[in-house]
Amino acid sequence: MKNIGLKTIITAGLIIMCTAWLAGCSKKVADPVTRSSFLLNTFVTVTLYDTEDQTILDGCMTLCSDYEKLLSKTLEGSEIYKLNHRRPGERTVTVSEKTAQVLAEGLEYCRMSRGAFDITIEPLSSLWDFTGKTPHVPPREEIEADLKKVGYENVILDGRQITFLNDETTIDLGAIAKGFIADQMKAYLEDKGVESAVINLGGNVLCVGERPDGTPFKIGLQRPYATHTETVAALKIDGMSVVSSGVYERHFMEKGVNYHHILDLSLIHI
């Protein structure tokens, strides 16, 4: 077994966290209506610019909550939680169509990236526990033990049936779930006739169309390690997403080193 440096499983690149939309619009067909809720371990905010229909916001938040109840790895009772806490020897499990769809897309990106993106990272992401009260660098032997559990090749999906080739393989959809859910929320809004809106899932910002005056939305990029009101740049967005992840949000310092939640498996060899 080759020696593994602890620093190799943490990326050193600086990734800027995306903040909420900036600036208003000069011409409106309706007063913007906004709804915020703590979901997906962050504040989810939806703002509608061309309608004041509160029931649409209700439906949008319900949709987000319903997906959280399926895809969260920490919410007891979710399908992913049940997969990760299956009985020893239970290799094949049937999931809902919605969960199967996200798993299928996740596995496709695993294959496309040749494992640089891997939805079976859960043992390591839980081991590091960046959201815990006292996160710290795990012992080297525990890292090496959990590495043996990781590998998307151990997951076979056939329709709604998921089979694990390794009893200890578990799932973490945190890297794909927000983007997927944002797309579903956008589709829901468009189905309700909304043509101007912003969906903010905390670092995942998705714009529906443009502002009512015909100009693009402005999405601010948070200046790393600065206050949450300071931006480093603003992007003009029309019907697109801006997604980022900050190495200064879920992180901790130990012996002068900044360890953050973006784990890079491509640098690890056993």
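The legends below describe close-up views of a predicted model.

Residues are numbered from 1 along each chain as its sequence is written, and side-chain values use heavy atoms, without hydrogens and water. Because the model is predicted, local features need pLDDT of at least 70 and side-chain atom pairs count only at pLDDT 80 or more, while totals for chains, interfaces and linings use all residues.

**View 1. The ring pair of Y109 and F117.** Rings of Phe, Tyr and Trp (its six-membered ring) pair if their centres lie within 6.5 Å; planes under 30 degrees apart count as stacked, over 60 as edge-to-face and the rest as tilted. By this rule the count comes to 9 aromatic pairs. In one of them, the ring centres of Y109 and F117 are 6.4 Å apart and the planes stand at 75°, so the pair is edge-to-face. Y109 has 43% relative accessibility and therefore counts as partly exposed; F117, at 23%, also counts as partly exposed (buried means under 20% relative accessible area, exposed over 50%, partly exposed in between, with a 1.4 Å probe and protein chains only).

**View 2. The ring pair of W128 and Y259.** The ring centres of W128 and Y259 lie 5.8 Å apart with planes at 35°, so this pair is tilted. It links distant parts of the chain, 131 residues apart: W128 belongs to helix α4 (residues 122-128) and Y259 to strand β13 (residues 257-260). Helices (H or I, at least four residues) and strands (E, at least two) are DSSP runs, numbered from the N terminus. Both W128 and Y259 are buried. Ring pairs join W128, F130, F252 and Y259 into a cluster.

**View 3. Helix α6 and its surroundings.** Helix α6 (residues 177-191) has 15 residues. Its buried residues include F180, I181, M185 and L189. The buried residues of α6 pack against β3 (42-48), α1 (54-71), α3 (97-112), β7 (196-200) and β8 (204-209), where contact means heavy atoms within 4.5 Å. After α6 comes G193, with a positive phi near 90°.

**View 4. Helices α1 and α3.** The axes of α1 and α3 come within 10 Å and cross at roughly 70°. That makes α1 roughly perpendicular to α3 (under 35 degrees is roughly parallel, over 145 roughly antiparallel, 65 to 115 roughly perpendicular and the rest oblique). Axes are lines fitted to C-alpha atoms, for helices over the stretch in contact, and angles run from 0 to 180 degrees between N-to-C directions. Y67, L70 and L71 in α1 meet K98, T99 and V102 in α3.

Definitions and conventions: The expected span of a helix is 1.5 Å times one less than its number of residues.
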